[in-house]
Amino acid sequence: MKIQKDNSSFFIKRGKKAVLMLHTMSKSPDDLKELASYLAKKNITIYAPLLAGHGKSLKELGNSKWKEWYKSSEKALKSLFKEYKEVYICGNCVGALIGLKLASKYKVKKVI
């Protein structure tokens, strides 16, 4: 399986279904790779973006706000909707809260 990296974000292109995977505060998409690998083996596309302010320093994280994290997630979700009709959101902790907020605005299949 080939994982394309972009500043710790990753995208694994597979079948006709897609999952937006959102990490928790102070973490990165690396924490989601085991589940992402499992889902990719099930022929599911995965996109795990690095949320704004994350992945560099605690100072940068401290200077970022939840609305920036939301915008990062929203941009990733919109990119999936351009190619996939069936999109799910899988979030961990803060990522789950962002996922629920996105699901209240966009027509996603399910939130995990």
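**View 1. Parallel pairing of strands S3 and S4.** Over 4 bridges, S3 and strand S4 (residues 44-48) pair in the parallel sense. The structure shown is a predicted model. Within this pairing, alanine 18 stands opposite threonine 45 of S4.

**View 2. Parallel pairing of strands S3 and S5.** Strand S5 (residues 86-91) runs parallel to S3 and is joined to S3 by 6 bridges. Here lysine 17 stands opposite glutamate 86 in S5.

**View 3. The β-α-β unit formed by S3, H1 and S4.** Helix H1 comprises residues 33-41 and, together with S3 and S4, makes a β-α-β unit that is right-handed. Just after H1, asparagine 43 adopts a positive phi of about 70°.

**View 4. Buried and exposed residues of helix H1.** Ala36, Ser37, Leu39 and Ala40 of H1 are buried. Viewed down the axis of H1, the buried residues fall within an arc of 165°, so they line one face of the helix. Glu34 and Lys41, on the other side of H1, are exposed.

**View 5. Elements covering the buried residues of helix H1.** The cover over the buried residues of H1 includes strand S2 (9-12), along with S3 and S4. S3 and S4 are also the strands of the right-handed β-α-β unit that contains H1.

Terms used: Residues are numbered from 1 along each chain as its sequence is written. This is a predicted model: local features need pLDDT of at least 70, side-chain atom pairs count only at pLDDT 80 or more; totals for chains, interfaces and linings use all residues. Side-chain values use heavy atoms; hydrogens and water are left out. Two strands pair if DSSP finds at least two bridges between them. Helices (H or I, at least four residues) and strands (E, at least two) are DSSP runs, numbered from the N terminus. A crossover is right-handed if, with the strands pointing away from the viewer, the path from the first strand over the helix to the second runs clockwise. Buried means under 20% relative accessible area, exposed over 50%, partly exposed in between (1.4 Å probe, protein chains only). The arc is that of the directions from the helix axis to the C-beta atoms. Contact means heavy atoms within 4.5 Å.
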